[in-house]
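Have the sequence and the 3D view ready. We will go through the fold in short steps.

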Amino acid sequence: MIKLLLAEDQGMMRGALALLLGLEEDIEIVAQVGDGDEIVPKALETRPDVALLDIELPGRSGLDAAADLRARMPHCQVLILTTFGRPGYLRRAMEAGAAGFLVKDGPVEDLAAAIRRVLAGERVIDPALAAAALSAGPNPLTQRERDVLAAAVDGATVADIASKVHLSPATVRNYLSAAIGKTQTRNRMEAVRAARQNGWL
């Protein structure tokens, strides 16, 4: 049996995935979580073979949890399943050690087959997304620029951002200016939007 951990914040979607995948004769759902902070502790408790993770979760993102999970449980294969097929997300998932990346609009039979394939050591990536990621190129933002933009998401002031990321206001302005230039936008909120749309945040 393939032991599967399922992380999805939408209860109905999580329940439907668990029900459908549970119908497969060789897949056993050993854990279901709705918060990114629960992924690693639950995985350490239940020892899954494969972790099926959504990206946008309350608490930690599925991408952050994937990197930690791969470091702490190298035998557990990570498969990202998301609504948001953004090239930057694919690149970040691969950097985090994910073995696969699929969008949620595919049939459940393909998902079950992908679970089996990643457990067998294969990489499984949505072909259209792979092509888009190759044509999009790498993330132009540095980690600090991403940190500053992430802190600006809710419309925070420069002083608020500086406090959150432990930098001076002048340094925050410099990072925001660089991020605005690299995203080819006019202001920080447009830069945040562009970075999110590309999966860079």
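Buried means under 20% relative accessible area, exposed over 50%, and partly exposed in between (1.4 Å probe, protein chains only). This is a predicted model, where local features need pLDDT of at least 70, side-chain atom pairs count only at pLDDT 80 or more, and totals for chains, interfaces and linings use all residues. Residues are numbered from 1 along each chain as its sequence is written, and side-chain values use heavy atoms, with hydrogens and water left out.

Start with two loop residues. His166 is exposed, with a relative accessible area of 69%. His166 sits in the loop between helix H8 (158-165) and helix H9 (169-183). Helices (H or I, at least four residues) and strands (E, at least two) are DSSP runs, numbered from the N terminus. His166 is not a glycine, yet its phi is positive, about 60°. Gln184 lies in the loop between H9 and helix H10 (188-197). Its phi is near 55°, also positive in a residue other than glycine. Gln184 is exposed too, at 73% relative accessible area.

Now turn to the sheet. Six strands form an open sheet in the order E2-E1-E3-E4-E5-E6, with parallel pairing. Strand E2 (27-33) and strand E6 (124-125) are the edge strands, each pairing on one side only. Two strands pair if DSSP finds at least two bridges between them. Strand E3 (residues 50-53) and strand E4 (residues 77-82) pair in the parallel sense over four bridges. Ala51 stands opposite Val78 in E4.
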